[in-house]
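Biologist: Please take one part of this model and go over it closely. I would like its surroundings described as well.

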Amino acid sequence: MSRPSPTSFFSFRRSLIIAQSTVTQLVRMKVFYFLAPIALLFLGLQFFDAFWYEGPEALMPEQELRMHKNLCLGTMMLFTSLFAIVSTALLIPGDIEDRTLYTILCKPVPRLDYLVGKLFGVIAVIFIAMLVMDVLLVATLHFRTEEKLIETTEYMTKIGYPEREIEAGRAEIAAHGPTLLLQFGVISHFLKACVIAAVALLISTFSTSTLFTIATSVMIWIIGAFQSIARDGLFNDAEFGDVPTWADKIVGTLVSLIFPDFLLYEAISDGAARAEDVLAMDMAQLGGLSALYIGIYVVLSWFVFSDKEF
Amino acid sequence: MKRFKTFRNLLVIAGVLAGTGYLRMPVEQKFTEDLRERKIVQPRIESDAWGEMGQTSLAGTFGGLRTVMASMLSLKAQSHFEENEWYDLKKDYGVITALDPYNAFYWSHGGWHIGYNAASWARSNRNFSPARRRIMEMEFLEAGDEFYRKGLKYLPEEESLWFEIGSMWSNEYKRPDYERAAQAFDKARDSTNPIYRRRYLFTIARIPGREIEAYEEAIRLLTENPRHLGVPTFRCLLIVLSTNPKISDIEIKPTLDGVFRTKDKAYQDLFNYRQRVLDEGFYAGDIDGILLNLIAELDVPDELNPFLNPTSHRIHTEHWREGYERSKSKVPDWMLKKKEEGAR
């Protein structure tokens with residue numbers, strides 16, 4: 001009689017299978033329908049002109065493109081962050097409710113595979129949604145940039161600017177168009193959504209209600225945007241005002257230790273929208289930090305989930 | 001047992017988060033400081049701006065949508081501009097710039113609304129007494145100046161904001177203060193933009209007692225880039241400032257032929273410059289003497305002689321003589337005859 005082969009501690013293949021089924025599960029929830037209003041918004045922005053941009057004397061093409069990017073990136077961030085929270089919060093309770101969880105866990109599937117698979121599934125859906133929104137952003141921004149380039153060149157030629165200055169003006173506008181730098185902003189929002197999904201996964205492992213998971217994750221999302229203020233207070237006393245009290249220091253320490261720093265993601269994305277010099281090195285650092293956050297939250301989720309009784 | 005497990009789990013989670021947090025905190029701080037130094041991280045929102053923020057802005061800020069909220073608020077501010085609600089507009093721009101302080105457009109646009117539009121509204125509002133109008137206008141001008149300067153704290157390299165301050169204080173339709181304007185233009189004196197570079201000269205040339213300095217500035221500009229000679233006011237200032245008797249005769253002074261391509265061009269430019277002396281207080285020097293010499297030399301018709309025929313009109317072409325002849329030929333012959341007879 002042959003002995004059953006021992007189940008490995010973690011299998012990437014098994015996690016991928018669970019991730020695949022999670023994607024199917026989320027697609028059946030019709031999550032991609034949300035992309036329709038977003039597409040309409042992006043296309044609508046294409047035709048949106050603020051009043052003060054009218055007339056050649058008020059020609060501000062860079063600001064107009066910047067506004068377009070800000071609104072699109074903001075929408076992408078809002079959608080992906082909320083989606084990461086809600087979908088992750090719904091998955092484990094959903095599996096318990098329709099008893100899928102029992103059929104999975106009664107098989108030789110380690111709980112780590114299940115959690116990682118679920119997270120990969122959510123991340124895959126976020127990635128697809130982000131990709132669609134990114135294509136829309138690039139397309140609308142491309143057309144708008146082209147339009148602004150033509151308008152500005154015509155205007156500058158009419159006024160009699162020398163060729164060198166026209167070229168400089170065009171280069172400045174093109175820098176606000178669909179560049180690689182802009183993709184750094186998109187990637188930054190994607191990484192943020194992945195971290196938020198990992199946070200929601202951790203909470204959903206010990207939470208008894210979906211509502212609690214969603215509410216707590218949203219709170220962490222909000223506090224994460226201010227984590228750097230608390231941390232700055234610890235590293236630099238003057239930043240807190242006069243003299244930080246003990247209460248300030250305790251709260252600051254707790255917030256800095258426990259919560260992730262989401263301001264970094266915002267900063268990189270804003271910097272990319274402003275066409276500042278965001279470097280590939282910054283992206284590597286942000287990616288490393290995100291991997292660290294996700295790793296910590298997944299390990300903790302596994303710890304809680306490993307001996308959870310259903 | 002279940003309660004113990006929950007308590008244990010929470011304790012472990014808190015412990016691991018605190019432990020890893022302790023390790024990652026310096027990394028996060030270093031990364032943030034590096035990004036802040038490169039102005040990629042937005043500065044902290046000032047305490048007074050928190051009080052001014054509405055619920056939507058606060059929610060947006062908490063959600064990490066600072067720049068998006070700034071864009072939306074700038075649209076709202078536009079409606080305050082249309083309704084002449086200047087105090088609300090000022091408040092809005094305070095919040096907008098607190099949310100997105102590295103966007104020069106908001107500083108420039110907000111300053112323009114406060115220092116130009118609000119000040120003009122106060123100046124021309126007949127509902128107030130003249131004294132009140134003046135006080136309000138000055139209030140808005142000072143507020144505009146302060147707003148631009150606040151922007152410069154965040155964007156010290158943004159010469160356009162210095163240029164805006166200078167333009168506001170040298171605007172003859174407001175309350176010109178050329179000393180303040182010159183102080184601002186001085187900061188943009190070494191700009192790569194030739195328009196910004198010249199404005200310091202054009203401003204000090206209107207301040208009595210700073211003519212020598214203005215001449216030295218004109219020479220400095222000319223030495224670094226002769227293309228400044230393409231600007232009529234620059235050409236005229238170069239000539240007129242050199243007529244200042246306080247300027248040493250040892251210095252090589254510019255000549256009409258060297259500065260203007262033709263004598264006709266010189267007459268056109270200097271004729272127009274004289275109007276600026278009268279209207280805008282530019283340095284007069286010996287403009288009258290130069291013009292009288294040119295009138296004699298070029299045999300300028302009386303109609304184009306500002307001493308015989310004072311006018312506020314400008315000469316718009318270098319070929320003014322042909323233009324004058326053409327306009328003269330349009331007059332019917334019988335009228336010209338009558339005119340000549342009358343003259344006899």
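Modeller: A residue is called buried here if 20 or more other C-beta atoms lie within 10 Å of its own, exposed if 12 or fewer, and partly exposed in between, with C-beta atoms placed from the backbone. By that count B:Tyr106 is buried, because 24 other C-beta atoms lie within 10 Å. This is a predicted model, in which local features need pLDDT of at least 70 and side-chain atom pairs count only at pLDDT 80 or more, while totals for chains, interfaces and linings use all residues. Residues are numbered from 1 along each chain as its sequence is written, and chains are lettered from A and ligands numbered from 1 in the order in which they are written.

B:Tyr106 sits in helix α6 (residues 104-124) of chain B; helices are DSSP runs (H or I, at least four residues), as strands are (E, at least two), numbered from the N terminus. Not counting residues up to four places away in sequence, B:Tyr106 touches B:Ala70, B:Ser74, B:Tyr93, B:Ile96, B:Thr97 and B:Asp100, where contact is C-beta atoms, placed from the backbone, within 7 Å. B:Gly94 is 12 residues from B:Tyr106 in sequence, and their C-alpha atoms are 9.7 Å apart.

Now the part for the close look, α10 of chain A, and the contact between the chains. That contact takes 41 residues from chain A and 34 residues from chain B. On the side of chain A that touches chain B, the elements giving two or more residues are α3 (61-97), α8 (210-235), α9 (246-258), α10 (263-273) and α11 (280-306). Of these, α10(A) gives the most, with eight residues. This side of chain A divides into 27 nonpolar, seven polar and seven charged residues; Ala, Val, Leu, Ile, Met, Phe, Trp, Tyr, Cys and Pro count as nonpolar, Asp, Glu, Lys and Arg as charged, and the others, Gly among them, as polar.

α10(A) is mostly covered, with 11 of its 11 residues buried. Among them are A:Leu263, A:Tyr265, A:Glu266, A:Ser269, A:Asp270 and A:Gly271. The buried residues of α10(A) pack against elements of both chains: α3, α7 (180-206), α8 and α11 of chain A, and α1 (2-37) and α4 (66-82) of chain B. After α10(A) comes A:Ala275, whose phi is positive, near 60 degrees.

A:Met283 is partly exposed, because 17 other C-beta atoms lie within 10 Å of it. A:Met283 and A:Tyr265 are 18 residues apart in sequence, and 9.6 Å separates their C-alpha atoms. Leaving aside neighbours within four places in sequence, A:Met283 is in contact with A:Phe184 and A:Ile187.

The largest nonpolar core has 151 residues, and those with the most contacts inside it are A:Ile126, A:Ala197 and A:Ala198. α7(A) supplies the largest share of this core, 17 residues. Domain 1 (59-156) and domain 2 (205-337) of chain B both give residues to this core, so it lies between them. Such a core is a set of buried Ala, Val, Leu, Ile, Met, Phe, Trp, Tyr and Cys residues joined through C-beta atoms within 7 Å, and domain bounds come from an automatic or database assignment. The C-alpha centres of domain 1 and domain 2 of chain B lie 41 Å apart. Beyond four places in sequence, A:Ile126 is in contact with A:Thr80, A:Phe83, A:Ala84, A:Phe190 and A:Ala193.

In chain B, helix α14 (residues 263-280) has 18 residues and should span 26 Å at 1.5 Å a residue; its end C-alpha atoms are 25 Å apart, which agrees. The expected span is 1.5 Å times one less than the number of residues. Buried residues of α14(B) include B:Ala266, B:Tyr267, B:Leu270, B:Phe271 and B:Arg274. B:Gly281 follows α14(B) and has a positive phi, near 75 degrees.

Two loop residues complete the picture. A:Lys30, in the loop between α1 (12-28) and α2 (35-46) of chain A, has a positive phi near 60 degrees without being a glycine. It counts as exposed because it has 8 C-beta neighbours inside 10 Å. B:Asp299, in the loop between α15 (287-298) and α16 (320-329) of chain B, is not a glycine and has a positive phi of about 55 degrees. B:Asp299 is exposed, because it has 7 C-beta neighbours inside 10 Å.

As for confidence, the predictor gives the complex an ipTM of 0.88 and a pTM of 0.82. Chain B averages a pLDDT of 87, and 94% of the residues score at least 70; pLDDT is the predictor's confidence in each residue, from 0 to 100.

Notes:
Two residues are in contact if their C-beta atoms, placed from the backbone, lie within 7 Å.
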